[in-house]
Amino acid sequence: MNESVERFLQYLRLERNLSWRTVDLYRRDLDQWVASATGGSRPLDLVSVTAGDIRAWLMERASAGDCPGTLRHKVQAIRALYRYLMTRGLVDSNPAAQVELAKLPKPLPKFVREQTVDNVLDEEIDRDDFTQVRDHLIVMLLYETGIRLSELIGLTDAAVDVAKCELKVRGKRDKDRIVPFGDELAQWITRYRMLRTNLRPECDNLLVTLRGKPLYPSLVYHVVHDSLARAGGTGKLSPHVLRHTFATVMLNNGAEINNVKELLGHESLAATQVYTHVTLSELQHNYELAHPRALKKGG
């Protein structure tokens, strides 16, 4: 082990108070880099290392099968080492700072099947029970409008027009947008408002607790999670997953991507385009399940 590298690892453990496990990860990456750079037979001249040397080593590791996340961590370990050396005047520059980090693949948004949400919304509930009607409305609003959790909680009563079937939503950076909805949702909002009159709410919010106060995130999360789980949903079952589901369903059923962008309140089209990958993935899945040629072994 290079003496400067060893002192850096001691610094991480004793001065930065990082865990043994974290320090061991740094040690493993740096040991591997030093061994490759020196062939294991000579001391490493840290001053003479170039960004090109580091890139060449990363290409070797990529060829050996290291994933992008592993490659990123290796670069970050070398960057951290050189930052440490620069603060102690042992080197003048950080060659690893010139090496671009490997890009991580973006995971596709999680969504639930339409049938799962339909099972929730078709569930028989007591229409005279405030809590049951409100919880039903929470799921319906998230699924049919695609609004965010924060937007749902902040939705005012005055912003919901059942005659026009429109919501006025205040999104990020206080930007307002109009989101339409259907007659069924309008009927449930009207029913909910009738039951809510007995509570004498203490706020202007559309959705309130039994005490007439605004909803809070954990309550909405549990309502969504429990409702979807009862209907057979698996995996992550959160309000944001219903937003993803809204976007996916809209695109699957022929909505223009620019219209979906406006409904979601996205600043750029790039944020919405990720859902096209979900729909393509779904199409591929359905093709493989249904097309006779795709079902043939080796064909």
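**Entry 1**

Where is C165 found? I found C165 in the loop between β1 and β2. Helices and strands here are DSSP runs, numbered from the N terminus: helices are H or I with at least four residues, strands are E with at least two. I looked up the backbone of C165 next: its phi is positive, about 55°, although C165 is not a glycine. Most residues other than glycine have a negative phi. I also noted that C165 is buried, at a relative accessible area of 10%. Buried means under 20% relative accessible area, exposed over 50%, and partly exposed in between, with a 1.4 Å probe and protein chains only.

**Entry 1: what I am looking at**

A reminder to myself: this is a predicted model, where local features need pLDDT of at least 70, side-chain atom pairs count only at pLDDT 80 or more, and totals for chains, interfaces and linings use all residues. Residues are numbered from 1 along each chain as its sequence is written, and side-chain values use heavy atoms, with hydrogens and water left out.

I listed 13 helices and 3 strands. Of the 299 residues, 40% are buried. Contact means heavy atoms within 4.5 Å. Among contacts between residues at least 6 apart in sequence, 57% join residues at least 24 apart.

**Entry 2: the sheet**

Two strands pair if DSSP finds at least two bridges between them.

I followed the bridges. β1 is joined to β2 (residues 166-170) by 2 bridges, and β2 pairs with β3 over 5 bridges. E166 of β2 stands opposite D161, and its bridge partner in β3 is P180. The hairpin of β2 and β3 has 5 residues between the strands, and there R173 takes a positive phi near 55°.

**Entry 3: helix α4**

After α4 comes G89, with a positive phi near 70°.

Which helices do the buried residues of α4 pack against? They pack against α1 (3-14), α2 (20-38) and α3 (51-63). Among these buried residues are L71, V75, I78 and Y82.

**Entry 4: two helix pairs**

I looked at α1 with α4 first. Their axes are 10 Å apart and the packing angle is about 95°. Axes are lines fitted to C-alpha atoms, for helices over the stretch in contact, and angles run from 0 to 180 degrees between N-to-C directions. α1 and α4 are therefore roughly perpendicular. Angles of 65 to 115 degrees count as roughly perpendicular, under 35 as roughly parallel, over 145 as roughly antiparallel, and the rest as oblique. The contact is made by S4, V5, R7, F8 and Y11 of α1 with A77, A80, L81, Y84 and L85 of α4.

Then I turned to α2 and α3. Their angle is about 110°, with the axes 11 Å apart, so this pair is also roughly perpendicular. In the contact, D29, Q32, W33 and S36 of α2 meet I54, W57, E60 and R61 of α3.

**Entry 5: two loop residues**

L104 lies in the loop between α4 and α5 (114-121). I noted that L104 is partly exposed, at a relative accessible area of 48%. L104 touches P68, G69 and R72, not counting residues up to four places away in sequence. From L104 to L71 is 33 residues in sequence and 9.9 Å in space, C-alpha to C-alpha.

Is R200 buried or exposed? R200 is exposed, with a relative accessible area of 73%. I found R200 in the loop between α8 (183-196) and α9 (217-230). Its phi is positive, near 50°, in a residue other than glycine.
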